[in-house]
2 protein chains.
Amino acid sequence: MTKLKRSARLVDMTQYLLSRPHQLIPLTNFAKRYGSAKSSISEDLAIIKEVFELEGIGELNTQAGAAGGVKYIPMVARAAALAFIQDLCVKLASPDRILPGGYLYMSDLLGQPSLMNEAGKLFATAFAGVGIDCIMTVETKGIPLAYATGAELNLPVVLVRRDHQVTEGSAVSINYVSGSHKSLHTMTLSRRALKEHSRVLIVDDFMKAGGTIQGMVDLLAEFNAEVAGVGVLVESGEVESEQRLLHDYVSLASLRAVDAKGKEIVVEPGNYFDRW
Amino acid sequence: MTKLKRSARLVDMTQYLLSRPHQLIPLTNFAKRYGSAKSSISEDLAIIKEVFELEGIGELNTQAGAAGGVKYIPMVARAAALAFIQDLCVKLASPDRILPGGYLYMSDLLGQPSLMNEAGKLFATAFAGVGIDCIMTVETKGIPLAYATGAELNLPVVLVRRDHQVTEGSAVSINYVSGSHKSLHTMTLSRRALKEHSRVLIVDDFMKAGGTIQGMVDLLAEFNAEVAGVGVLVESGEVESEQRLLHDYVSLASLRAVDAKGKEIVVEPGNYFDRW
């Protein structure tokens, strides 16, 4: 690449860093890429770091030494996270979402990549320092959320299936009780999909009593893997605390009540801000 | 926001544009955001445009006039696309992917968000000027690819299910014949999910004879919607042309042969470059 001026360098370094979250990039990479001195690169990074912090986009962590470099850690600032969650609550509370049986139609929201990606950034913020090897979800509706989180944390996604597929090779299956219906289901995970002793972040779109997520926790035990955290987009706050199978999770929104007759939905922010 | 210097402005404008692909942003937005004159903003955009083009990240389209602004169109440069596809072919050809029955294990690749996002960028490049209202896929494995494409094109994703779900409301179901097995399956789409006369880009991870995709095409007809294009990550090149149900599609890789006995997989680039 031809030698770039600082202004052009700043643009390119910004896009380079943003497209490589949670990856350590040696300063020599940039120095070579632009034919610049490392000292100039360090000055550029200081400018980018300042803007990222000012705008609440994330942190730039610089590690000194031969094995050092710079790492972009996406972080959603508190005010932006709050605005996102409040907007999500308003969208969820729209009365035309009510379906027969008191179910909530959410597929239009789950179908918006930009909304999923922003939610993924919130989970990446919440679980940034936890030490995670991969993201897990069960098909189907949690998948975009899991990928968005994985993209921001630079981690692979492991997909639990409802049935054993010929394209998955040998697999481990378990039965689990869906908490809300007390019905028995099966979930299955390919033997190749998960290394032993992995630390896993479980992500899903909706949690009622937590039976499905508890199923994933049980499945992890079969792989000698452990839960590093649980993140859900929406939890049902209609479930009594003692009925909940799972107590340690992060939710963005909490569905308090669905009144199918009165056509009213009450949604509040979830527990996202409870711990930081 | 406090008045920013050019260097800081360039960093922030770059991240702002990159996170809003295919969205028209009025220059006054930037002028207000930074307390700068529009002429300064125009100069900044010229620098960003030059770098984006030089680095093969995409185009910045500026539209003049009162309703004008700037739009970032992600575009993968030819060389970068070729490098990605060649790397994908090498990964797919690894002999330990062969499963009983000659199936190919791809879940590790499909589980990498960064790889899916890059593939999505390639589809966004291929279908940038086609005029699309939404992306469609059928559960399960094509979902991350569909969302990646949707994110780059700033379009919603419509998800076809195998079974009718209580959380989807009233739905339209069709039967289709899976070309490779000649077996009959059902797919279903929520009434609310798709507006009439939508132009739809169908995305999937794998296509053999094309029965599943033909099913989605038939489903679109039920909604008076039309196919704007078809993109698949991997096509099976083992299918004879006359057996193929579908001829107009874009593929990134083509699986030529899987020799389970000799433990050999032959993968070639798909037809991605055939038309541009």
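The questions below set computed values against definitions.

This is a predicted model, so local features need pLDDT of at least 70, side-chain atom pairs count only at pLDDT 80 or more, and totals for chains, interfaces and linings use all residues. Residues are numbered from 1 along each chain as its sequence is written, chains are lettered from A and ligands numbered from 1 in the order in which they are written, and side-chain values use heavy atoms, with hydrogens and water left out.

Q: Why is the pairing of Arg244(A) and Glu235(A) called a salt bridge?
A: A salt bridge is a side-chain nitrogen of Lys or Arg within 4 Å of a carboxyl oxygen of Asp or Glu. For Arg244(A) and Glu235(A), the N to O value is 3.0 Å. In general, side chains of opposite charge can pair when their charged atoms come close.

Q: What makes Arg244(A) count as buried or exposed?
A: Buried means under 20% relative accessible area, exposed over 50%, partly exposed in between (1.4 Å probe, protein chains only). Arg244(A) has 9%, so it is buried.

Q: Which parts of the chain does the salt bridge of Glu268(A) and Arg256(A) link?
A: These side chains meet at 3.1 Å, N to O. The pair links distant parts of chain A: Glu268(A) lies in strand 10 (residues 264-269), Arg256(A) in strand 9 (residues 250-259), and they are 12 residues apart. Strands are DSSP runs (E, at least two residues) and helices are runs of H or I (at least four), both numbered from the N terminus. Glu268(A), at 36%, is partly exposed. Arg256(A), at 39%, is partly exposed as well.

Q: How do you know that Glu226(B) forms a salt bridge with Arg199(B)?
A: Their closest N and O atoms are 3.6 Å apart. Glu226(B) sits in strand 8 (residues 226-236) of chain B and Arg199(B) in strand 7 (residues 199-207), 27 residues apart.

Q: How many salt bridges does the structure hold?
A: Over all chains, 26.

Q: What makes Ser7(A) count as buried or exposed?
A: Ser7(A) has a relative accessible area of 19%, so it is buried. It lies in helix 1 (residues 6-18) of chain A. Leaving aside neighbours within four places in sequence, Ser7(A) is in contact (heavy atoms within 4.5 Å) with Leu10(B) and Ile47(B).

Q: What makes a space in this structure a cavity?
A: On a 1 Å grid over the protein atoms alone, a cavity is a set of points where a 1.4 Å probe fits but cannot get out. Grid points are joined across faces, edges and corners, and a volume is the space filled by probe spheres set on the points. The whole structure has 1 cavity of 30 Å³ or more.

Q: Which residues line the largest cavity?
A: Lining residues have an atom within 4 Å of a point. Among them are Leu159(B), Arg161(B) and Ser190(B). The largest share, 3 residues, comes from strand 6 (residues 183-190) of chain B.

Methods:
On a 1 Å grid over the protein atoms alone, a cavity is a set of points where a 1.4 Å probe fits but cannot get out, and a pocket is an open set with protein on both sides within 12 Å along at least five of seven lines; lining residues have an atom within 4 Å of a point.
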